[in-house]
Amino acid sequence: MHEVLWQSGAVTLTNWAGNTAFTASRIHHPTSLDELRSLVAAARRVRALGSGHSFNDVADSPGELVRLDRMPPLIEIDGAAARVRVGAATTYARLAPELHARGFALANLASLPHISVAGSVATGTHGSGVGNPSLSAAVRGLELVTADGSMVTLERGHDDFPGAVVALGALGVVSALTLDLVPAFELRQYVREGVPDDAPFDEVMADGYSVSLFTDYRDTRAWIKTRGEPPGDDWHGTRPADGPRHPVPGMPAESCTVQLGVPGPWHERLPHFRADAPPSSAGDELQSEWLLERSHAAAALRELRAAGDRIRPVLQISEVRTVAADDLWLSPSYGRDSVAFHFTWVKNPEAVLPVIKLVEDVLAPFDPRPHWGKLFTRRPAVPDRFRELVRRYDPDGTFGNTFTRTLLDT
Ligand SMILES: Cc1cc2nc3c(=O)[nH]c(=O)nc-3n(C[C@H](O)[C@H](O)[C@H](O)COP(=O)(O)OP(=O)(O)OC[C@H]3O[C@@H](n4cnc5c(N)ncnc54)[C@H](O)[C@@H]3O)c2cc1C
């Protein structure tokens, strides 16, 4: 739906879910790097918009927005160095099949491939897997247009790099990124039902390349994406699903990637949702997510189950994943192997807001960090070195917006 909105000057520009109306006065679609640089240099306030899948106003601008979806396509694979240089607005749906055709893969993907690489990386987007860090951790280089229109290239190893990858668009407009590649691989996906509350969390989550639990804090199902053995017949006392399943109970599974153990390429199994169908509840939803140190998983699950009667009335489904630690300052999994508690809410902000606060209260003892692209109310701590980086790269606040000003207290 939002694609129509992007193209029409007459209607309000919203995010994908339609719960946030952008306040920016103009949206530009530059068609060359030179045009992008001139636009940025001339703008008093400007910010990049990716594919618009965030649920809050992190991508909004009090001035202008640039969307790089009409820039020349860029997917440059360097097989010898196992890396790809990719245009910022490229979606994983567009990138992944090209990598696969050349025998390469990304180590992990999010639940949907429809999102842009730059937007995903800027918010610390992640999938699951005890050995898999966030998608941002695959970045080895960034090409950045800064406020005066000049280009800065940052490579892994540069002092500013760990602050510049997950940067919420606050340092400039990323025009291209270089990502690590791994050899292409196959996966099989299985859904198991009736996961008992006392199933050993660490064992369950380590029983596949990527494992997700979908729960309403009463009934729990597991999505197991494995490169090795299928789950045994009585895997943790569960039963195999007798057909394909959608993560939201009762929704038809046509939009989901192939399950039932049929082998397939990494990019058609790692996401839960197919590239050619609307993901999740097709935008009839709100989302929140918090990441905690993984060792708190069992205790946090117990507390959330205890609050289940108050959570369920506004919950479509919750997803529990694991994310390996990275070293990116603003990444929600910075410096700690994490468990991520995701919530797909009903699309009723008034009813959902008090429950978001309740979940924040329940998780508070576990030092939660919110997903930057989803809904939260408690302001997370931001390291001073990131504030210093923003001051240095963007001294006049060209890329600032309400979200970053509130966050950085500027
Ligand atoms: C149905 C659904 C499922 C989801 N599943 C997952 C999931 O599995 N895992 C997960 O972690 N998250 C998930 N998300 C959240 C999503 O990954 C994030 O919101 C992500 O930021 C979306 O990317 P985007 O391109 O839409 O970014 P946008 O929302 O457009 O922008 C996000 C941020 O990136 C910045 N940005 C965008 N492009 C650039 C650029 N070129 N240069 C500089 N900054 C830029 C923006 O300014 C903004 O600050 C899901 C969201 C939806 C709607």
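Buried here means under 20% relative accessible area, exposed means over 50%, and partly exposed is anything in between (1.4 Å probe, protein chains only). The model is a predicted one, with local features needing pLDDT of at least 70 and side-chain atom pairs counted only at pLDDT 80 or more, while totals for chains, interfaces and linings use all residues. Residues are numbered from 1 along each chain as its sequence is written, and side-chain values use heavy atoms, with hydrogens and water left out.

Helix α7 spans residues 297–306, and its buried residues are Ala-297, Ala-300, Leu-301 and Leu-304. (Helices, H or I with at least four residues, and strands, E with at least two, are DSSP runs numbered from the N terminus.) These four sit on the same side of α7, because they cover an arc of only 105° around the axis; the arc is that of the directions from the helix axis to the C-beta atoms. Over on the other side of α7, Arg-302 and Ala-306 are exposed. As for partners, the buried residues of α7 pack against α6 (201–205), β16 (286–293), α8 (308–311), β17 (315–323), β18 (338–345) and α9 (349–363), where a contact means heavy atoms within 4.5 Å.

Next comes Arg-85, which belongs to strand β5 (residues 83–87). Arg-85 is partly exposed, at a relative accessible area of 27%. Leaving aside residues up to four places away in sequence, Arg-85 touches Leu-74, Ile-75, Glu-76, Glu-143, Ala-176, Leu-177 and Thr-178. With Thr-178, 93 residues apart along the chain, the C-alpha atoms are separated by 4.2 Å. The side chains of Arg-85 and Glu-143 make a polar contact at 2.7 Å (a pair of N or O atoms within 3.5 Å; within protein, one must be able to donate a hydrogen and the other to accept it, and residues adjacent in sequence count only if both atoms are side-chain atoms).

The whole structure holds 1 cavity of 30 Å³ or more, a cavity being a set of points on a 1 Å grid over the protein atoms alone where a 1.4 Å probe fits but cannot get out, with lining residues having an atom within 4 Å of a point. The largest cavity contains about 50 Å³ of space, a volume being the space filled by probe spheres set on the points, which are joined across faces, edges and corners. Of its 13 lining residues, Leu-109, Gly-127, Ser-128, Ser-210 and Leu-270 are the closest to its centre. β12 (210–215) and β17 are the elements that give two or more residues to that lining.

Key:
On a 1 Å grid over the protein atoms alone, a cavity is a set of points where a 1.4 Å probe fits but cannot get out, and a pocket is an open set with protein on both sides within 12 Å along at least five of seven lines; lining residues have an atom within 4 Å of a point.
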